[in-house]
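Please have the sequence and the model open side by side before reading on. The paragraphs below go through the structure region by region.

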Amino acid sequence: MGQDAPRYDAGRDGFIDLMELKLMMEKLGAPQTHLGLKNMIKEVDEDFDSKLSFREFLLIFRKAAAGELQEDSGLHVLARLSEIDVSTEGVKGAKSFFEAKVQAINVSSRFEEEIKAEQEERKKQAEEMKQRKAAFKELQSTFK
């Protein structure tokens with residue numbers, strides 16, 4: 001395990017890519033389709049690298065504040081749900097949000113993988129218990 005961690009390389013490159021955006025939107029309670037996510041990035045991706053830099057991330061909030069985002073677009077949802085008001089909190093507030101998100105995505109994806117592994121382990125143990133109980137019952141019934 002752990003060897004495929006770089007694909008969640010959130011905190012290390014300072015960008016939010018499609019996978020990370022997907023996780024972020026799920027965490028905000030507004031999951032998006034693959035196409036939706038692609039369109040979200042495309043809408044503010046000034047350098048066409050298919051990921052969001054902090055500058056591009058800020059652009060989401062600028063556009064939202066200026067009313068330039070469609071009501072039903074993922075970006076509009078993101079701007080609304082993340083509750084950053086760039087005009088009051090300024091760039092610094094947004095930057096810490098961006099960095100916190102990037103960190104959180106990084107941590108939670110590792111965390112989720114650990115939880116998943118733990119659940120698998122529990123399931124396996126429960127299965128084994130069940131089988132042992134069943135085997136024991138069978139054994140008992142042969143002695144009656």
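The model is predicted, and local features are discussed where pLDDT is at least 70. An unreviewed UniProt entry lists residues 8–31 and 32–67 under "domain: EF-hand". In the model, the span 32–67 is 64% helix and 0% strand, and the C-alpha atoms at its ends lie 21 Å apart. Helix H3 covers residues 34–44 and helix H4 covers residues 54–65, with a loop between them that contains Asp45.

Asp45 is buried, yet it has no salt bridge. The nearest side chain of opposite charge belongs to Lys51, 9.3 Å away, whereas a salt bridge as counted here needs a side-chain nitrogen within 4 Å of a carboxyl oxygen. Leaving aside residues up to four places away in sequence, Asp45 touches Ser50, Lys51 and Glu56. Lys51 is therefore in contact with Asp45 by the 4.5 Å heavy-atom criterion, although the two form no salt bridge.

Phe48, in the loop between H3 and H4, has a phi near 55°, a positive value in a residue other than glycine. Ser50 is found in the loop between H3 and H4 as well, and its phi is also positive, at about 60°, although Ser50 is not a glycine. Phe48 counts as exposed because its relative accessibility is 70%, and exposed means over 50%. Ser50, at 51% relative accessibility, counts as exposed too.

Salt bridges come next. A search of the whole structure finds six of them. One joins Arg55 to Glu46, with the closest N and O atoms 2.5 Å apart. Arg55 counts as exposed at 58% relative accessibility, while Glu46 counts as partly exposed at 41%.

The side chains of Glu118 and Arg122 meet at 3.3 Å, N to O. Why can these two pair along the helix? They are four residues apart in H6, so about one helical turn separates them. An α-helix has 3.6 residues a turn, so residues three or four places apart point the same way. Glu120 and Lys123 form another salt bridge, with the closest N and O atoms 3.6 Å apart; being three residues apart in H6, they are also separated by about one helical turn. In the second, Glu120 is partly exposed with a relative accessible area of 47%, and Lys123 is exposed with 53%.

Together with Leu139 and Phe143, Phe136 makes a nonpolar surface patch of about 390 Å².

Helix H5 is the last stop. How many of the eight residues in H5 are buried? Six are, and this helix, residues 74–81, is mostly covered. The buried residues are Gly74, Leu75, His76, Val77, Leu78 and Ala79. They pack against helix H2 (18–27), H3 and H4.

Notes:
Residues numbered from 1 in each chain as written. Predicted model: local features only at pLDDT ≥ 70, side-chain atom pairs only at ≥ 80, totals over all residues. Heavy atoms only, no water. UniProt positions renumbered as here; feature names shortened; annotations may be inferred. Buried < 20%, exposed > 50% of the residue type's maximum accessible area, 1.4 Å probe, protein only. Lys, Arg positive; Asp, Glu negative; His and termini not counted. Patch = residues over 30% accessible without salt bridge, like charges linked within 9 Å, V, L, I, M, F, W, Y side chains within 5 Å. Areas by Shrake-Rupley, 256 points an atom, 1.4 Å probe, with all protein chains shown as cover.
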